[in-house]
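Have the sequence and the model open side by side.

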Amino acid sequence: MELEEEKALAGRAAAGHVRPGQKLALGTGSTTSFAIRALAEKFPSGDHLSIVASSNATERLAVELGLPVRALEPGDKFDLMIDGADEVAPTLALTKGGGGALFREKFLARLSAELVIAVDHTKLVPKLGTRHPIPIEVVPFARVKLLHQLTERALSPRLRADRASGAPVLTDNGNEILDLFPENGVDDPARLDHELRVLPGVIETGIFVGLAHRIYVGLPDGTVQEILPGGGPPP
Ligand code: 5RP
């Protein structure tokens, strides 16, 4: 089975979790896009859903499909957030930000009662930083200093740049992304997250610890595995 089909299976399973009238936060990426398409099919008239998107791309897609997307409001809390991930560790710690939306994704995840993550099977890793770099969003002015500090910490930072133009990729917030390549992966994600966030100029990291409540994994045999905190399938 193609990875795209695994993503579609997982995305549809995540959308299956949504009930009419819920307040939803939507993540970013190809797997989330499958969930958004499934949501639009499941709720063709919006069904009183109330949705905040984590990126301009997600907002465009959801609006195009007729889903009711709105801006963040002061009292916002969400019943559910659906998102993808670049890596899922056995502890359900995640690496996110392959699509550069990590700040808004983490911001919305913290406001959500439940974070449901949909991934294909290749995203399951023994530890973070082994399959995908760890992205951090940084203020452009601070980039030169941060590159030096992160290199000294053996994190091999690389500025994310557009392949065609070579220009730095800018987030929806107008910031840059540094991708970090820790040599042997990340042994303590919570600690690295903290160590990075205290560096002046770092806006947010793509390390999500203790935020995911449920993972749907599309598998090569066409089934979907559901993983809950604690490692096992649901009772
Ligand atoms: C965007 C993200 C995405 O969820 C992550 O990159 C996974 O993307 P995809 O579903 O396309 O593999 O964190 O910032």
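A pocket, on a 1 Å grid over the protein atoms alone, is an open set of points where a 1.4 Å probe fits, with protein on both sides within 12 Å along at least five of seven lines; its lining residues have an atom within 4 Å of a point. A molecule sits in a pocket if more than half of its atoms lie within 2 Å of its grid points. By that rule, the ligand sits in the second largest pocket.

This is a predicted model, where local features need pLDDT of at least 70, side-chain atom pairs count only at pLDDT 80 or more, and totals for chains, interfaces and linings use all residues. Residues are numbered from 1 along each chain as its sequence is written, and side-chain values use heavy atoms, with hydrogens and water left out.

The second largest pocket has a volume of about 190 Å³. Thr28, Gly29, Ser30, Asp86 and Gly99 are the closest to its centre among the 15 lining residues.

Around the ligand there are 17 residues (a heavy atom within 4 Å). Ser30, Thr31, Asp86, Lys96 and Lys123 come nearest. Here are some polar contacts, pairs of N or O atoms within 3.5 Å:

| Residue | Protein atom | Distance to a ligand oxygen atom |
|---|---|---|
| Thr31 | side-chain N or O | 2.6 Å |
| Ala101 | polar backbone atom | 3.1 Å |
| Gly84 | backbone N or O | 3.4 Å |

The protein buries 92% of the 380 Å² that the ligand exposes when taken alone (Shrake-Rupley method, 1.4 Å probe).

Note on methods
Polar contact = N/O pair within 3.5 Å; in protein donor to acceptor, adjacent residues only side chain to side chain. Points joined across faces, edges and corners; volume = space filled by probe spheres on them.
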